[in-house]
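Me: I am new to this structure. Please show it to me, then let me ask about it.

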Amino acid sequence: MAERMTVEMKVNGRPVRAEVSPRTSLADFLREERRLTATQLACEEGVCGACTVSMDGATVLSCLVLAVQAEGAEVWTAEGLDGAAAPLAEALHAEHGIQCGYCTPGILMRGGELLKEQPAPSERDIRLGLCGNLCRCTGYAGIVEAVAAAADPAAAPGERGAAPARREDERLLAGRGEFVNDVSPPGTLHVAFLRSTVAAGRITRLETGAARALEGVVAVFTAADLNPRAGDMRPTPLLNAAEPPLLPLAADRVRFAGEPLALVVAGDRYLAADAVDLIEVEIEPEPPVLDPGGAVEDTDRLVYAETGSNLYQELTSPIRPKLRRALEDAPQVVRATSRQQRQANAPLETRGVVASYDPDTGELVASLSTQNPHEAKLAISRVSGVPAEQVRVTARDVGGSFGLKVWTGRDELTVALAARVLGRTLKWIETRQENLTASGHARMDVGEATFALDEQGRILGCHLDHLEDTGAYPLGVVGKAGPFVGMVFTGPYRIPLHAFRFRSVRTNTCPRGAYRGPWAFATVAREQMLDEVARAVGMDPLELRRRNVLGPDELPYTMPTRLVLDHVTPAQTLEEVAARLDYPEVRLRQRRLLAEEGRLIGVGIAIGLEPSSIGTMQPIDRDTARLRVELDGTITAYLATGAGGQGVETTMAQVVAAELDVDLDAVRVVQGDTDATPYGRGTGASGTAVITGSACRAAAAELLTMAKELAAEHLGVPAERVEPRRGVLADRQDPGAAVSWAELAKTVSAHGPGERLEALGRYKAPPMTWSNACHGCVVEVDRELGTVRIERYVVAEDCGRMINAKVVEGQIAGGVLQGIGGALLEEVRYDAQGRPLTRGLAEYAVPTTLEAPAIEFVHIETPSPTPGGHKGMGQGGAAGALACVFNAVADALAQVGARVDRTPLDPARILTAFAEAGSRSPRPAARPPSPS
Amino acid sequence: MIPFEYLRAGDPAEAVAAVAGRPGAAFLGGGTNLVDHMKLGVAGPDLLVDVSRLPLDRVEETAGGLRIGAAVRNSDLAAHPLVRERYPVLARALLSGASGQLRNVATTAGNLLQRTRCPYFQDVTTPCNKRVPGSGCSAAGGYTRYHAILGASEHCVATHPSDMAVAMVALDAVVAVLGPGGARTLPLAELYRLPGDAPQRDTVLEHGDLIIAVELPHLPFARRSAYRKVRDRASFSFALVSVAAALDLDGGLVRDVRLALGGVAHKPWRATRAEAELRGGPATEDAFRRAAEAELAAARPLPGNAFKVAMTRNAVVATLRALAEEGR
Ligand SMILES: Cc1cc2nc3c(=O)[nH]c(=O)nc-3n(C[C@H](O)[C@H](O)[C@H](O)COP(=O)(O)OP(=O)(O)OC[C@H]3O[C@@H](n4cnc5c(N)ncnc54)[C@H](O)[C@@H]3O)c2cc1C
Ligand code: SF4
Ligand code: FES
Ligand code: FES
């Protein structure tokens, strides 16, 4: 091995001298040797900007710079800035430019450089300057506004009072967030997986001798070592499903390229990777099952030979005679198809776990990047055999997830099991390639539908045939989410008759997991198809929606699938969007620009219905909150949630503060630690506001009951006369008579050691809480190059009472940009042999600042019947945007006879559509000279 | 990444000697391509000779032209007043590549010499003639969206990813090289090779040849020049197709023109046929289209990239049209 070298540099103003191996990256040097962990790693190939540091006055990507290249240099990291006090940091806080915070240090570094070079940047300058920093959460709106505000504080928008700034931000801005990769207890060993590069085949040889012999390698595990010791690895909702077992490592067959074959434990991650390269593996390839359509019927090529079929699930709702007649004999019958490409959640932080097992105490402690610490604890206990009482899971900051980290993955569980077997501390941080090939894929759906309409364009009935590709095995809730697409397909429309067939099929590809609205396809397919229907019957798509959308007088409305829709405002949001877009004017302009300049403008609309907080989705249909009054009178809320960017520490504190009428600053939220918090659902499925919020309310009510009685004793008045008032409990009839929360807490603590004034609140969600939104956008398609530019984007939404408008807008903006990514850019690709082609963020084209439109919001607040009147809204943005942008592009293309029925609508697909239209119909008119 | 040694060279001659004397050695510029490839296992040098701090970091004025040191960073070059004034096509090509942070590190020579590549080249688990000569080409019958439509061979259909090089090839740039045998210059267009039956070699350089500078000749009409890049997303994406053009108009006629294409071939592609077609002819949309079609007559699209033919033609037309309109 090559010698270590001495490097000297200045880091954050202090001289540093150290011995490094030449292959150590500057990022690893800063993070591992200097313990400066603000600088994050998210791709390690120069694409994401999370690792941005400043070197000799210019920002660089520390993942691609070697530590030895920084010899003699002056290096600054986010820790060296003025923490949350710096002007850009303050602006990011004020403008809600932060969600999970994983991209934040990189934004601070690059944004700082930008402001230095261009003290008065235009919006375009800011977007260009930051286009090398990916953010998967915010949609960039708050970030771009923050840089503008830092440049010119006077220009910052003034009306922020209604939306308290997030309390998560302070630590994230100072580079003190604690993501799982930042956790490194002494003695930590590093894990790397060997994975199959073949989609399907038989393992004929797996030789680990050379890897074991490498200096610094502690262990190499294969299936024979771990599989017999593993308990059930499947997520809770699938525990009792009859299906082939899921095991830590592939034993004799591999079923997708990316499947884990062996696990190496070594002293550092470079060594672990070296050892993986030394394992000799031979797999006899077999033809893979890749096409979901073909897989259904195929009985020769099977993903699991023992099942006899690739069909994983099938659910058919019968086509009753009335519907059959409508579909056959209605005045207008239209068939439409919608195909969604394979996508990836691609949170900026990949998955990761640090697991320690202490053989002496029998305790297993794990830090995880998870949305659901308590379920992680149960899963780790099941798999490792350590009793649940002796498992503790912590999850401090989580760098985005969007469904990927709801259920604990096979790989994290395998690492926890290996830690138990070795009795050591093991750390595994997923590489980006693993994240894009082996964590979970989503949205691989095909829908074929038939719509029956009368002469006036009223929909009489429809049928959906929905096929989902579930990959080599399903992850988490997905096995149950698929049929839901058919159940809610008719959405916010008056469609009296409906039936569907749902089929889920296995293929030799990365398993399907949850991604922001696992049933988003209901919205995506329906809204895309409605535009197709409108074109087929010659009606404007807005008009078609107006004729069929449910109005306020028709609620509650029972859908054909017996689901009841109420407290929603689809017709109102549709009209809001039409008005905001100035729809008739856009249509006129569209025609004029085509006729006069040959330009292609398109308008898209999509109405979405989001089923949130679903009461039948055990075990995440309920939650528990514990509130405790501290001796100083402040309130601590113990919640099972985690900090994944949704701002739970802020919004739940707002709820508690409002219920108890105390100052927001007097409430602290503790989450992400199974030892400190009661069992609960974590975050996900758009459930925090309704379910966790209601649990907080229940706890607050309980606490108030106790507090009132105590206060009544104190004040010598009946409990009914006591009320909480601006931080104290006061006598309704005597404004002067009051007792503080601190005094009450002390009274209780006097009862004995450990006695505290505290209360538990529980909540179980009703069957369904619907939120709704309408998205509208205007795009221009470049007729020569096939590129798409979004001119305007409007969202009118109704998520009931908003706890924090900025958090709501942040969630929608983030979802919208993910939807835009899905509509225009992002696709996980395999080649014809099932080899993954999308192995990094260079290939998986997550949108940058330059693709992100400014979003105009309209809020309608129709309370839901749940305690706070809220509705979940974390996921709908993504579904609405997918359909809305697709519709706008399809609308533009239709003017010249070009058609598309699948995403992403990248330049290649659009030019191909033009070419096909050209060969079908006369060549589109040559572009007239531009007006000059 | 396999372990290696690191040496910071004191002067160009020392760097050349260090690399020439060791078969496994490689020059290191900013490292944004080489270090990435070392991580992927695509490259495995046992010695890196860092040439990024050599005193080759100046942009100097020559008789009407510029001499750009090999170690000049992409961001500094793009911002250089003389580049922006005399060769806007170069400034725009640079700014359309990678991201600000990468341009702050990437060097002129490193950018020229980033590998011609394709997704399979970067995946060491697949066969690739460029990575392992004779192992086969996975793109044959595979995924070919980013691949070549011009000048490819059955052995390799990869494309050269640099934007800067396309602009420089259009500008008739010349490369100054210091090799074990001494100094020499050669036109940039001749630096690059087509794959033929030796796709492992991107350029004609020999082991130990150090690029020390790029010279841009006097070309007054390059003040009216432009770069257009078609790609999936507006940053971080390599060109599906790109066009570098400079146009010299004489009334409604094309007096002279420079045209080069990116994303279509194993090397930055100088469109000499189109240039010949255009010179002396009318500066009209039809003429631009005919010229593009003349260049593309030799195109051999693959199953996955047939769209590139129309995309290239349209991009050429759009770029020339914009330049012509600018001149009116
Ligand atoms: C995420 C990402 C996106 C990118 N997007 C784009 C893009 O859109 N457009 C684009 O054009 N480029 C793009 N690039 C590529 C980038 O421009 C190149 O990586 C960079 O220009 C290489 O320069 P470097 O100095 O870092 O080279 P290095 O990585 O240091 O070296 C590259 C090669 O040149 C050799 N070399 C270096 N200096 C010399 C010398 N003086 N003489 C002889 N040989 C030398 C090295 O040995 C090596 O083989 C992207 C890169 C990344 C990582
Ligand atoms: S096209 Fe060239 S680089 Fe790509 S796989 Fe074939 S030989 Fe390798
Ligand atoms: S980790 Fe360095 S750019 Fe992504
Ligand atoms: S806040 Fe930017 S990635 Fe999460």
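Predicted model: local features only at pLDDT ≥ 70, side-chain atom pairs only at ≥ 80, totals over all residues.

Reply: Residues are numbered from 1 along each chain as its sequence is written, while chains are lettered from A and ligands numbered from 1 in the order in which they are written.

Me: Between which chains does ligand 1 lie, and how many residues surround ligand 1?

Reply: Ligand 1 sits between chains A and B. A residue is near a molecule if its C-beta atom, placed from the backbone, lies within 6 Å of it. Among the closest are B:Gly29, B:Gly110 and B:Asn111. The number of surrounding residues is 34.

Me: Which elements of chain B each supply at least two residues of the shell around ligand 1?

Reply: Helices (H or I, at least four residues) and strands (E, at least two) are DSSP runs, numbered from the N terminus. By that numbering, the elements of chain B are β2 (25-28), α2 (34-40), α7 (108-112) and β8 (210-216).

Me: How do the residues of the shell around ligand 1 divide?

Reply: Ala, Val, Leu, Ile, Met, Phe, Trp, Tyr, Cys and Pro count as nonpolar, Asp, Glu, Lys and Arg as charged, and the others, Gly among them, as polar. The shell of ligand 1 then divides into 20 nonpolar, twelve polar and two charged.

Me: What surrounds ligand 2, and how does its shell divide?

Reply: Ligand 2 has 14 residues around it. The closest are B:Cys118, B:Tyr120, B:Cys128, B:Cys137 and B:Cys156. The shell of ligand 2 divides into ten nonpolar, two polar and two charged.

Me: Which UniProt annotation covers residues 1-221 of chain B?

Reply: Over this stretch chain B is 25% helix and 17% strand. Its end C-alpha atoms are 47 Å apart. The UniProt annotation, from an unreviewed entry, is "domain: FAD-binding PCMH-type".

Me: How do α11(B) and α12(B) cross, and why is α11(B) oblique to α12(B)?

Reply: Axes are lines fitted to C-alpha atoms, for helices over the stretch in contact, and angles run from 0 to 180 degrees between N-to-C directions. The axes of α11 (residues 285-296) and α12 (residues 307-327) of chain B come within 9 Å and cross at roughly 140°. Angles under 35 degrees count as roughly parallel, over 145 as roughly antiparallel, 65 to 115 as roughly perpendicular and the rest as oblique. Therefore α11(B) is oblique to α12(B).

Me: At what angle do α2 and α5 of chain A cross?

Reply: These are helices α2 (residues 87-94) and α5 (residues 141-151) of chain A. Their axes come within 8 Å. They cross at roughly 135°.

Me: What phi does B:Ala98 have?

Reply: B:Ala98 is in the loop between α5 (88-95) and α6 (100-103) of chain B. B:Ala98 is not a glycine, yet its phi is positive, about 55°.

How values were computed
UniProt positions renumbered as here; feature names shortened; annotations may be inferred.
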